[in-house]
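Subject: Structure for your review

Dear colleague,

Please find below the structure that I would like to hand over to you.

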Amino acid sequence: LNSCAYHAGQNGEANHGRISRLTLDELREELINFQLGSPKKVNILVCHHHPTLIPNVNIPDYGSIVMGESLLHFLGSGQAGRWLVVHGHIHIPNLMYAQGGMASATVLSAGSFSAHLYPELQGFARIQFYELDIGVKSDGLLVGKGRAWDWTPGKGWNKATRESGLP
């Protein structure tokens with residue numbers, strides 16, 4: 001999902017992501033039709049901006065997706081399967097369920113693989129990458145496990161610890 005599609009628009013658009021009502025409606029229709037009669041799949045939506053705010057993060061220019069909550073509401077409705085949403089933008093590793101019921105999307109906020117982190121982010125953002133093994137149980141629930149790797153100058157890539165982004 002190109003959450004940066006409106007960045008060349010009006011002033012201030014470059015400060016956040018956006019999904020239009022038209023795009024959301026078309027995406028909803030396509031995904032519901034795609035799911036009908038299909039085997040259980042792992043559904044992954046990848047976007048640049050975060051569709052919802054990450055708890056306990058207080059930084060300026062947070063930039064979440066306008067209409068992102070509507071997107072998560074649809075993905076969590078269960079009408080088009082179960083969803084993992086992966087995003088970047090603020091380089092703060094976090095894993096959470098979106099608001100909603102039993103079909104709520106799982107949201108992975110990825111750290112950055114190669115960013116130069118701004119000073120205000122260096123205390124909690126991380127240079128990380130992830131290995132994910134994901135499957136679907138017979139009842140449609142997503143299951144899996146993951147491994148995170150941290151970059152440390154002078155040491156290179158090492159398994160992440162409890163003190164770093166996502167362990």
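The notes below describe what was found, topic by topic.

Please keep in mind throughout that this is a predicted model.

Salt bridges

Side chains of opposite charge can pair when their charged atoms come close. A search of the whole structure finds 4 salt bridges, and three of them are described here.

In helix 1 (21-35), aspartate 25 pairs with arginine 21, with 3.8 Å between the closest N and O atoms. These two residues are 4 residues apart in the helix, which means that about one helical turn separates them. Aspartate 25 also forms a salt bridge with arginine 28, where the closest N and O atoms are 3.0 Å apart. Arginine 28 and aspartate 25 are 3 residues apart, again about one turn of helix 1.

Cysteines

How many disulfides does the count come to? The count is 0. Cysteine 4 is in no disulfide, and the nearest cysteine sulfur, that of cysteine 47, is 9.1 Å away. A disulfide requires two cysteine sulfur atoms within 2.5 Å, so the 9.1 Å between the sulfur of cysteine 47 and that of cysteine 4 is too far for a bond. Is each of these residues buried or partly exposed? Cysteine 4 is partly exposed, at 25% relative accessibility, whereas cysteine 47 is buried, at 6%.

The nonpolar surface patch

Val42, Ile44, Val46, Leu132 and Ile134 make a nonpolar surface patch of about 380 Å². Strand 2 (43-47) and strand 7 (128-136) are the elements that give two or more residues to this patch. Valine 42 lies in the loop between helix 1 and strand 2, and valine 42 is partly exposed, with 33% relative accessibility.

The largest pocket

Rolling a probe the size of a water molecule over the atoms shows where empty space is left. The largest pocket holds about 620 Å³ of space. Its lining consists of 26 residues, and those nearest its centre are Leu84, Leu95, Tyr97, Thr106 and Leu142. Two or more lining residues come from each of strand 4, strand 5, strand 6 (106-109), strand 7 and strand 8 (142-152). Which strand gives the most to this lining? Strand 8 does, with 7 residues.

Backbone angles in two loops

Two residues have a positive phi although neither is a glycine. For methionine 67 the angle is about 75°, and for histidine 91 about 65°. Methionine 67 sits in the loop between strand 3 (65-66) and helix 2 (68-75), and is partly exposed, with a relative accessible area of 25%. Histidine 91 is in the loop between strand 4 (83-87) and strand 5 (94-97).

Yours sincerely,
A colleague

Methods:
Residues are numbered from 1 along each chain as its sequence is written. This is a predicted model: local features need pLDDT of at least 70, side-chain atom pairs count only at pLDDT 80 or more; totals for chains, interfaces and linings use all residues. Side-chain values use heavy atoms; hydrogens and water are left out. Buried means under 20% relative accessible area, exposed over 50%, partly exposed in between (1.4 Å probe, protein chains only). Patches are made of residues with over 30% relative accessible area and no salt bridge: like charges are joined within 9 Å, nonpolar side chains (Val, Leu, Ile, Met, Phe, Trp, Tyr) within 5 Å. Accessible areas come from the Shrake-Rupley method with a 1.4 Å probe; for residues, only the protein chains shown count as cover. A salt bridge is a side-chain nitrogen of Lys or Arg within 4 Å of a carboxyl oxygen of Asp or Glu. On a 1 Å grid over the protein atoms alone, a cavity is a set of points where a 1.4 Å probe fits but cannot get out, and a pocket is an open set with protein on both sides within 12 Å along at least five of seven lines; lining residues have an atom within 4 Å of a point. Grid points are joined across faces, edges and corners, and a volume is the space filled by probe spheres set on the points.
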